[in-house]
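Let's walk through this one together, a piece at a time. Keep the viewer open and follow along.

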Number of protein chains: 2
Amino acid sequence: MTPTEVKPWTLADGRDELFFVLPGHRCSPVADRRQLPDRTTTQSELRFDRSTEQWVVIAGLRQERTYKPPPDQCPLCPGPTGLTSEVPATDYDVVVFENRFASLSEADGSGSPLPAPVGDDFVSAPSHGRCEVICFSSDHHSSFADLSFPQAQLVVEAWRHRTADLLSRPGIEQVFCFENRGEEIGVTLTHPHGQIFGYPYLTPRTERMLRAARAHRTSHGSNLFADILAQEVAAGSRVVATNNGFTAFVPFAARWPVEVHIYPNRFVHNLLDLDAAELDDFTEIYLDILNRLDRLYPTPLPYMAALHQYSDTDAQREGYFHIEVISTRRSATKLKYLASSESAMEAFISDVVPEDVAAMLRGVEE
Amino acid sequence: MTPTEVKPWTLADGRDELFFVLPGHRCSPVADRRQLPDRTTTQSELRFDRSTEQWVVIAGLRQERTYKPPPDQCPLCPGPTGLTSEVPATDYDVVVFENRFASLSEADGSGSPLPAPVGDDFVSAPSHGRCEVICFSSDHHSSFADLSFPQAQLVVEAWRHRTADLLSRPGIEQVFCFENRGEEIGVTLTHPHGQIFGYPYLTPRTERMLRAARAHRTSHGSNLFADILAQEVAAGSRVVATNNGFTAFVPFAARWPVEVHIYPNRFVHNLLDLDAAELDDFTEIYLDILNRLDRLYPTPLPYMAALHQYSDTDAQREGYFHIEVISTRRSATKLKYLASSESAMEAFISDVVPEDVAAMLRGVEE
């Protein structure tokens with residue numbers, strides 16, 4: 001693999017931007033000449049909910065974020081004038097920049113650990129962390145599933161770069177690369193893009209999964225997720241696709257109408273641990289699954305794709321890298337809503353039988 | 001308080017129905033003459049997700065449930081012919097019946113405890129439990145906020161009746177009375193109604209709250225929720241309304257754009273523990289809060305209302321009865337969607353500052 005060229009840039013309000021460049025391509029950003037407001041006035045807050053022992057981000061500034069702009073004002077399309085876009089360049093391959101409407105930011109300059117949430121007071125902290133946007137393509141009308149293999153490889157390279165960088169920063173506990181796709185799930189920009197969060201805490205679902213895995217290690221002497229993967233492969237009825245390095249399956253107790261988990265066949269913590277062949281296998285199976293999802297119904301599937309990555313720390317050692325892709329669409333025309341059982345009690349009720357979804361996805365014609 | 005008349009009835013497929021009758025009113029149901037399919041073919045399944053240690057209900061039959069019927073085919077309006085409605089009667093005050101499309105049911109006849117989710121296999125169980133529908137009014141175009149005080153009292157009486165009955169049944173761990181209101185959150189029937197679930201397990205959020213409360217008892221010697229309530233009252237900035245028996249506030253670390261918690265000022269486990277004056281205070285403040293929510297924006301607020309009730313068992317002893325009302329509407333025209341941070345990682349990011357919502361709700365004119 002040729003090392004990817006990464007060109008750093010700076011936006012008008014001081015935010016970092018990084019261009020990831022395909023071999024043979026050139027990258028020529030221009031100055032960002034927009035008048036942007038000062039960022040230091042927009043710090044969000046973390047508040048600790050003692051009734052659930054979870055942090056909640058209170059990000060009032062996001063009420064004003066860009067909301068479904070017309071296509072000719074898309075802030076993610078190339079902006080060669082330096083006056084209209086978050087990407088001041090005639091063109092780009094893949095670009096990453098700090099979110100202008102960040103829920104988590106380094107604006108306070110600190111990387112200090114969160115306060116221990118003890119005592120009788122209302123516990124809060126500056127919402128230290130990082131929120132980045134990643135544009136998968138300069139083509140406004142493209143999608144991840146449509147990317148060429150080299151373009152998708154470049155996105156994976158960018159994810160690896162950001163994971164390594166953010167994990168090395170003080171005060172960041174978890175790096176979360178994800179994509180929200182589809183107006184049905186509230187996406188306000190249709191240009192193909194994802195986001196990368198550096199959280200200053202372990203997210204609740206990650207914490208819960210790691211707790212289950214530690215208990216499993218104690219009782220079984222093995223890794224929980226490796227055991228689940230082996231059992232799903234042995235059962236077979238929920239497996240959707242496989243290649244040398246990876247397996248994609250609908251989990252036995254799927255919560256969502258469409259839910260596919262993609263695991264490397266070898267236990268690793270994150271994208272950085274994969275070798276070159278495994279990275280190609282990952283890119284291949286991920287494109288395959290997204291293509292199957294888009295062909296499931298007459299219109300492309302709204303989905304959320306979540307990379308579960310871990311550090312090699314005591315707390316996260318049992319974490320097994322994988323990607324979970326979920327959709328709220330439960331038929332060609334109907335969405336699943338998270339109503340009271342799910343939203344208020346976290347008790348999931350699925351209308352769809354996992355084996356049926358797996359069979360549907362296996363049956364999608366290339 | 002006059003004891004409420006409760007008249008039991010049976011629907012064509014054997015489901016239970018209960019009419020709750022206001023003093024002075026009469027209740028005259030007719031035979032349900034519909035041809036309904038056999039219920040024993042529709043058992044759902046519980047599956048245990050070992051990666052999060054949670055049960056998930058797989059209820060494939062619900063894909064076919066009634067979906068936004070035209071008003072003249074509403075199954076919750078009175079049906080004096082016995083051929084069109086779930087409520088075969090010329091009129092009714094409040095009625096409760098088993099959900100025809102139940103995610104949890106007693107169709108298997110067992111009330112045995114769930115299997116211990118241990119071992120290396122895929123753990124599943126019949127989805128034993130109970131799903132009931134409660135119609136708040138026979139008026140299709142009404143809403144809970146519009147109910148007269150005696151009518152709302154009757155709903156509360158019905159909730160108490162169902163809570164006592166279901167909690168006494170073998171295999172039911174938690175009784176959950178709730179209302180989903182608004183097409184924006186996926187409600188498929190607009191007739192004013194709620195639901196009552198008898199879960200065969202403690203729901204994940206309840207379990208988490210009880211774990212936090214047990215830890216608080218150990219470290220502080222006091223009830224966590226009583227302490228939170230006292231601190232919210234002392235802080236004052238998030239309190240929305242109070243009366244003799246109850247306090248309504250926006251919690252310090254609210255997850256939702258609109259979120260109001262209503263606590264009795266005295267620690268009780270559930271509606272059954274309240275005395276007559278407290279029940280009236282509860283009815284009064286709940287109607288007040290729902291009215292404020294409906295007047296917050298030009299159109300009525302979509303909301304979910306969740307009664308957190310507990311049993312006096314070892315596991316649930318620290319549970320403090322309260323109701324949580326949440327909405328996904330974040331402005332007059334915009335909804336909050338649960339995207340990847342919330343849906344995949346359970347890390348909530350709110351665009352709204354809790355003190356601002358409390359001030360808005362306090363300022364709503366009667």
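Before looking at any helix pair, a word on geometry: axes are lines fitted to C-alpha atoms, for helices over the stretch in contact, and angles run from 0 to 180 degrees between N-to-C directions. Helices (H or I, at least four residues) and strands (E, at least two) are DSSP runs, numbered from the N terminus. This is a predicted model, where local features need pLDDT of at least 70, side-chain atom pairs count only at pLDDT 80 or more, and totals for chains, interfaces and linings use all residues. Residues are numbered from 1 along each chain as its sequence is written, chains are lettered from A and ligands numbered from 1 in the order in which they are written, and side-chain values use heavy atoms, leaving out hydrogens and water.

Start in chain B, where helix α2 (residues 204-220) packs on helix α3 (residues 224-235) at an angle of about 85 degrees, the axes being 8 Å apart. That makes α2(B) and α3(B) roughly perpendicular to each other, the label for anything from 65 to 115 degrees (under 35 is roughly parallel, over 145 roughly antiparallel, and the rest oblique). On the α2(B) side the contact uses B:Met209, B:Ala212, B:Ala213 and B:His216, and on the α3(B) side B:Leu224, B:Phe225 and B:Asp227. Contact here means heavy atoms within 4.5 Å.

Chain A has such a pair too: its α2 (residues 204-220) and α3 (residues 224-235) pack at about 85 degrees with axes 8 Å apart. In α2(A), A:Met209, A:Ala212, A:Ala213 and A:His216 meet A:Leu224, A:Phe225 and A:Asp227 of α3(A).

Now for the annotated residues. An unreviewed UniProt entry gives "binding site" for A:Cys74, A:Cys77, A:His140 and A:His191. They span 118 residues in sequence, yet no two of their C-alpha atoms are more than 8.2 Å apart, so they gather at one spot. UniProt positions follow the numbering used here, feature names are shortened, and annotations may be inferred rather than shown by experiment.

A:Cys74 sits in the loop between β4 (54-58) and β5 (94-98) of chain A. With a relative accessible area of 7%, A:Cys74 is buried (buried is under 20%, exposed over 50%, partly exposed in between, using a 1.4 Å probe and protein chains only). Setting aside neighbours within four places in sequence, A:Cys74 contacts A:His140 and A:His191.

A:His140 comes from the loop between β7 (130-135) and α1 (149-167) of chain A and is buried at 13%. Among the residues that A:His140 touches are A:Pro71, A:Cys77 and A:Pro192. The side chains of A:His140 and A:Thr190 also make a polar contact of 3.3 Å; that term means a pair of N or O atoms within 3.5 Å where, within protein, one must be able to donate a hydrogen and the other to accept it, and residues adjacent in sequence count only if both atoms are side-chain atoms.

The unreviewed UniProt entry lists A:His193 as "active site". A:His193 belongs to strand β9 (residues 193-199) of chain A and is buried, at 10% relative accessibility. Its side chain reaches the backbone oxygen of A:His191 at 2.7 Å, and its contacts include A:Cys135 and A:Glu179.

What about disulfides, meaning cysteine sulfur pairs within 2.5 Å? The count over all chains is zero. For A:Cys135, the nearest cysteine sulfur is that of A:Cys74, 7.6 Å away.

Notes. A disulfide is a pair of cysteine sulfur atoms within 2.5 Å.
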